[in-house]
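The sequence and the coordinates are shown first.

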Amino acid sequence: MNTGKFITIEGTEGVGKSTNIAFIKAWLAGKNIDIIHTREPGGTPLGEEIRELLLAKRDESVDSRTELLLMFAARCQHVSKKIQPALEQGQWVLSDRFTDASFAYQGFGRELGLERLNQLAAWSLGGFKPDLTIMLDLPIEVGLERAEKRGEKDRFESEQIDFFKRVRDGYLSIAKAEPNRMKVIDATGSIEQVQAQIEKVLIEFYEANS
Ligand code: TMP
């Protein structure tokens, strides 16, 4: 059976994921590709409830392992109930964040380390990975300034700059280790410049997979 492709989009706060997700969807629609758009944490009714728990600011401090396990709890539900069934039907899936975000935010940002992350990912997902990941890269200061304008900050957005710097370095080190899967896009330029880079990646991916 012709299975669909799984594309994810990643980056730190304020890099322009939403705008560029709309661009990617429109580009693929132009190629007559049936694509569903989803997000993490979230994507299923249970996952969206877990998202609320994760993003809410609370008086109690959250243990980093609790945070990591909730991310993966939502992800298991997402993969087994939504992503894999869609791919098996031949649909393409575009997810706003996936496992790379746990490596970057919990592994690097919270400094939980790669060994624990690798074990958890192998146990819960059994090697299931995106076919293509587009990482929008922007200096942390620029992204946070953009994110500021969006209104009240959630629990993650309220973190310190050093945390986000570790997250960004984490993403860049994953991209270095897996350059065929994760493509880094320089998100500092104009929308047109950013989308020209994304289009190049999409053309290459589409040609290799159609
Ligand atoms: P969003 O702002 O992109 O919707 O994502 C919500 C927040 O969750 C964002 O600050 C990144 C964080 N996150 C993690 O820390 N680990 C994860 O595995 C995922 C999927 C998101």
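Leaving aside its neighbours within four places in sequence, which residues is Asp 186 in contact with?

## Surroundings of Asp 186

In this predicted model, Asp 186 is in contact with Asp 137, Val 194 and Gln 197, once its neighbours within four places in sequence are left aside.

Asp 186 belongs to strand β5, which covers residues 182-186. Its relative accessible area is 41%, and because that value falls between the 20% and 50% limits, Asp 186 is classed as partly exposed. The side chain of Asp 186 also makes a polar contact with the side chain of Thr 188, at 2.5 Å.

## Packing of helices α4 and α5

Helix α4, residues 99-109, packs against helix α5, residues 114-125, at an angle of about 150°, and the axes of the two helices are 10 Å apart. Because angles over 145 degrees count as roughly antiparallel, α4 is described as roughly antiparallel to α5. The crossing of α4 and α5 is right-handed.

On the α4 side, the contact is made by Thr 99, Ser 102, Phe 103, Gly 107 and Phe 108, while α5 contributes Leu 114, Leu 117, Asn 118, Ala 121 and Leu 125.

How values were computed:
Residues numbered from 1 in each chain as written. Predicted model: local features only at pLDDT ≥ 70, side-chain atom pairs only at ≥ 80, totals over all residues. Heavy atoms only, no water. Axes fitted to C-alpha atoms, helices over the stretch in contact; angles between N-to-C directions. Helix = DSSP H or I, 4+ residues; strand = E, 2+ residues; numbered from the N terminus. Parallel < 35°, antiparallel > 145°, perpendicular 65-115°, else oblique. Left-handed = near helix turned anticlockwise from the far one by under 90°. Contact = heavy atoms within 4.5 Å. Buried < 20%, exposed > 50% of the residue type's maximum accessible area, 1.4 Å probe, protein only. Polar contact = N/O pair within 3.5 Å; in protein donor to acceptor, adjacent residues only side chain to side chain.
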